[in-house]
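Please keep the sequence and the three-dimensional view at hand while reading.

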Amino acid sequence: MSATVTLAKTAGFCYGVDRAVTMLYDLVERGTPVCTLGPIIHNPQVIDDLRQRGVAILEKAEDALPGTQVVIRAHGVPKQVFDLLESRGVDYVDATCPYVLKIHRIVERHTTPDTVLLIAGDETHPEVQGFRSRSKGASFVFNSPEEFRRLTQEHPEFSEKELILVAQTTFSVLSWKKIYENFQKLYTNSKSFDTICKATQNRQIEAETLAKQSDCMIVIGGRFSSNTEKLRQVCEPFCPTYLVERAAELREIDFSGCRSIGVTAGASTPAGIIKEVLFTMSEIINENETKT
Ligand code: SF4
């Protein structure tokens, strides 16, 4: 019996990443000297291609030189980065995803010097740092329901403050639900905004469904991409799951005994790489059948 391969409908670039990469390539095509603050996406092949086309990757805004265009990545940057670029006379193109910009507006509109902004997310992530930089009052970050509980115990004064709760766009849906329930119980006169991106939610839900129906899962994406790693974690409890960055890595996987193979890909995986992986997989399946 031949193996079937099912590709998740949500695999590959999300709207925000696609938009940012397109904006960058447009500038490159126009011959503009361009650089990015950190890699535009966590995908080694795309980064190699951009480097060959002369796109520099800066580690910090201070390294940007006047005369170049700095492209701001989809998850945005702290407000101070824009201030710094402007003060140095450096042009920039803001490719911050509109879903992230919506959270910036929530923070700017609802915080005051007396409010406390609570963020469910990773405090080292630039997206979260971007939210904090726009808060007019104090802000706190926690990455799990347990951390949230601990924070509320350490800060009894929260009950007398106006609290604003938001989430990083890629935060876990399950953890958010627990945090939200606890928040509602503890604080009555406060505001919460479910800001988890629907693209992330749908991709994780579809990956889980596919993993439950498959003998093995292939997750295509960069090893340093947090949303690709989250997909691997979502699939792993249900079947053997392999994270690959490029098609050649499939040769190291033993597909014998796999009748149904599920494939998904992170938000920064280009369509070309997904195609290559599917092509190589069909070659491997054919070779295995011929051997049999
Ligand atoms: S995951 Fe969502 S918020 Fe993040 S860039 Fe993609 S569409 Fe925008």
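Two strands are said to pair if DSSP finds at least two bridges between them. Helices (H or I, at least four residues) and strands (E, at least two) are DSSP runs, numbered from the N terminus. In this sense, Cys 216 stands opposite Ile 261 in β12.

The model is predicted, so local features need pLDDT of at least 70 and side-chain atom pairs count only at pLDDT 80 or more, while totals for chains, interfaces and linings use all residues. Residues are numbered from 1 along each chain as its sequence is written, and side-chain values use heavy atoms, with hydrogens and water left out.

## Overall form

The protein chain has ten helices and twelve strands. Its C-alpha atoms fill a box of roughly 70 × 50 × 25 Å along the principal axes. Of the 292 residues in the chain, 51% are buried; buried means under 20% relative accessible area, exposed means over 50%, and partly exposed lies in between, with a 1.4 Å probe and protein chains only.

## Paired strands

Strand β10 covers residues 216–220, and strand β12 covers residues 260–265. The two pair in the parallel sense over five bridges. The following table lists bridge partners in this part of the structure.

| Residue | Partner | Strand of the partner |
|---|---|---|
| Thr 6 | Gly 262 | β12 |
| Ile 220 | Val 244 | β11 |

Strand β12 also pairs with strand β1 (residues 4–7), in the parallel sense and over four bridges. Strand β10 likewise pairs with strand β11 (residues 241–244) in the parallel sense, over four bridges. Between these two strands the chain passes from β10 through α9 to β11, and this β-α-β crossover is right-handed: with the strands pointing away from the viewer, the path from the first strand over the helix to the second runs clockwise.

How many residues of β12 are buried? Six of its six residues are buried, so β12 is largely enclosed by the rest of the structure. In a regular strand the side chains alternate between the two faces of the sheet. From β12, Ser 260, Gly 262 and Thr 264 point one way and Ile 261, Val 263 and Ala 265 the other way, and all are buried. Strand β10 is mostly covered as well, with five of its five residues buried. Cys 216, Ile 218 and Ile 220 point one way from β10, whereas Met 217 and Val 219 point the other way.

## Two individual positions

Asp 215 is found in the loop between α8 and β10. Asp 215 is partly exposed, with a relative accessible area of 33%. Asp 215 and Arg 53 are 162 residues apart in sequence and 41 Å apart in space, C-alpha to C-alpha.

Val 93 has its place in strand β5 (residues 91–94). Val 93 is buried, because its relative accessible area is 18%. Val 93 and Ala 20 are 73 residues apart along the chain, and their C-alpha atoms are separated by 9.6 Å.

## Pockets

On a 1 Å grid over the protein atoms alone, a pocket is an open set of points with protein on both sides within 12 Å along at least five of seven lines, and lining residues have an atom within 4 Å of a point. Grid points are joined across faces, edges and corners, and a volume is the space filled by probe spheres set on the points.

The largest pocket holds about 680 Å³ of space. It is lined by 36 residues, of which Val 17, His 75, Thr 170, Asn 227 and Ala 267 are the closest to its centre. Helices α1 (15–29), α4 (98–110), α5 (126–133), α8 (198–213) and α9 (226–235) each supply at least two residues of this lining. The lining of the largest pocket divides into 16 nonpolar, 15 polar and five charged residues. Here Ala, Val, Leu, Ile, Met, Phe, Trp, Tyr, Cys and Pro count as nonpolar, Asp, Glu, Lys and Arg as charged, and the others, Gly among them, as polar.

The second largest pocket has a volume of about 350 Å³. Its lining includes Ser 172, Lys 177, Gln 204, Glu 208 and Lys 230. The elements that give two or more residues to this lining are α7 (173–186), α8 and α9, and the largest share, four residues, comes from α8. By type, the lining of the second largest pocket divides into four nonpolar, four polar and three charged residues. At least three of its residues come from each of domain 1 (4–12 + 198–291) and domain 3 (100–192), with domain bounds taken from an automatic or database domain assignment.

Notes: 1 Å grid on protein atoms, 1.4 Å probe; cavity = no way out; pocket = protein on both sides within 12 Å on 5 of 7 lines; lining within 4 Å.
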